[in-house]
Amino acid sequence: MMNRRAFLTVTAWATASVTLSAQSPTSSEWGGPVLDIHSHLRQGLDANITHMEGCGVTKAVLLTRGTAVEQVKAIQAKYPNRFIWSASADITKPDAVEVLTKAVKDGAQGFGELKFHVEADGPELQRMYSLAAELNVPILVHFQEVPHFEGEGVWATGFKRFAAMLKKYPKTKFIGHADAFWANVSADYAEKESYPAGPIKRGGVTDKLLADYPNLFGDLSANSGNNALSRDAEFTADFLARHQNKLIFGSDCSCSDGHGAGTSQSNNPPAARMNGKCVARETLTILKRHTKPAVLRKLTWDNGHKLFKINA
Ligand SMILES: [Zn+2]
Ligand SMILES: [Zn+2]
């Protein structure tokens, strides 16, 4: 916990640098401002903003533990209007409801990301789907059926059955993310690899669910999102146009400078195609190439603002 004196020091320092950071958000190589809805909290007050400035991101949703309120507040104080907060808690523990309810009271505008070794329709996640509806915040879930390394295990399994959850919780705003969500854009995904290659077989589960359920949204982040959009140019252009109100840009990038330094997809050997690259830049480049400016604006700004109820 930060004591009051430390907080005041941080705030004073923050005020001094506001002028500098306030100049950058409008200038963008992407043709407009960009919101990144998948940005994990980094060590230190400046590391997140360094990445954002490097890759042309204006605002970011910070994903953190529900107990990180002091850190989030310090960053928000130093960089006003740049950070929105989404909180997570260990959903296998009985106090998860309490932790997340308090986080929302403290300013969190979303749940997630929730990444746990449970079934996507198991009791632990269902409790969260229900709470997200009650508190009226979106919930971001990591779906993955194939481990990235020995011993990793799998996360929120059973995405192919997910229609039942979308039906059962119509008031919950679900944000799909990660390997299984994106591999299932292709109808032939057999859960054998993390990132399938080759042309998309039309009629995949993810594509159908996005079309059929108004309460499902797609987070374009990570190697998984980028890989899905890199397989089949014709599919990509059509997919982005059809779901232009449901898809949202996020990076989930861990490169340090917004240009690919360090590691962009940590702890993930199958994502080696991203080595030396910034996932944010790679995915924004694809989105820009395959959409009209009005659609790009929705994917990189409007949709995320609506979903997380962010003031523009
Ligand atoms: Zn994830
Ligand atoms: Zn990056």
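This is a predicted model: local features need pLDDT of at least 70, side-chain atom pairs count only at pLDDT 80 or more; totals for chains, interfaces and linings use all residues.
In which helix does Ala133 lie? Ala133 belongs to helix α5, which spans residues 123–135.

**The whole chain**

The protein chain contains 12 helices and eight strands. A compact globule of 312 residues would have a radius of gyration near 20 Å, and the chain has 19 Å, so the two agree. Along the principal axes, the C-alpha atoms fill a box of roughly 55 × 45 × 35 Å. Of the 312 residues, 45% count as buried. Among contacts in the chain with a separation of 6 or more, 70% are between residues 24 or more positions apart.

**The nonpolar core**

In soluble globular proteins, nonpolar side chains tend to be buried together. The largest nonpolar core here has 83 residues. Those that touch the most other members are Leu62, Phe111, Leu114, Ile139, Phe143, Ile248 and Phe249. Helix α12 (residues 293–308) gives the most to this core, namely five residues.

Ile139 is also in contact with Phe111, Gly112, Leu114, Met128, Tyr129, Ala132, Thr172, Lys173, Phe174 and Ile175, leaving aside neighbours within four places in sequence.

**Strands β4 and β5**

Two bridges join these strands, which run parallel.

| Element | Residues |
|---|---|
| Strand β4 | 111–114 |
| Helix α5 | 123–135 |
| Strand β5 | 139–142 |

Leu114 has Val141 in β5 as its bridge partner. From β4 the chain passes through α5 to β5, and this β-α-β crossover is right-handed.

Not counting residues up to four places away in sequence, Ala133 touches Tyr169, Lys171 and Thr172. Thr172 is also among the contacts of Ile139. Asp36 is 97 residues from Ala133 along the chain, and their C-alpha atoms are separated by 23 Å.

**Helix α2**

Which residues of helix α2 are buried? In this helix, residues 47–55, they are Asn48, Ile49, His51, Met52 and Cys55. These residues cover an arc of only 160° around the axis, and therefore they sit on the same side of α2. Gly56 follows α2 and has a positive phi, near 75°.

Key:
Residues are numbered from 1 along each chain as its sequence is written. Chains are lettered from A and ligands numbered from 1 in the order in which they are written. A residue is buried if 20 or more other C-beta atoms lie within 10 Å of its own, exposed if 12 or fewer, and partly exposed in between; C-beta atoms are placed from the backbone. Helices (H or I, at least four residues) and strands (E, at least two) are DSSP runs, numbered from the N terminus. The arc is that of the directions from the helix axis to the C-beta atoms. A nonpolar core is a set of buried Ala, Val, Leu, Ile, Met, Phe, Trp, Tyr and Cys residues joined through C-beta atoms within 7 Å. Two residues are in contact if their C-beta atoms, placed from the backbone, lie within 7 Å. Two strands pair if DSSP finds at least two bridges between them. A crossover is right-handed if, with the strands pointing away from the viewer, the path from the first strand over the helix to the second runs clockwise. The radius of gyration is taken over C-alpha atoms; the globule rule is 2.2 Å times the number of residues to the power 0.38.
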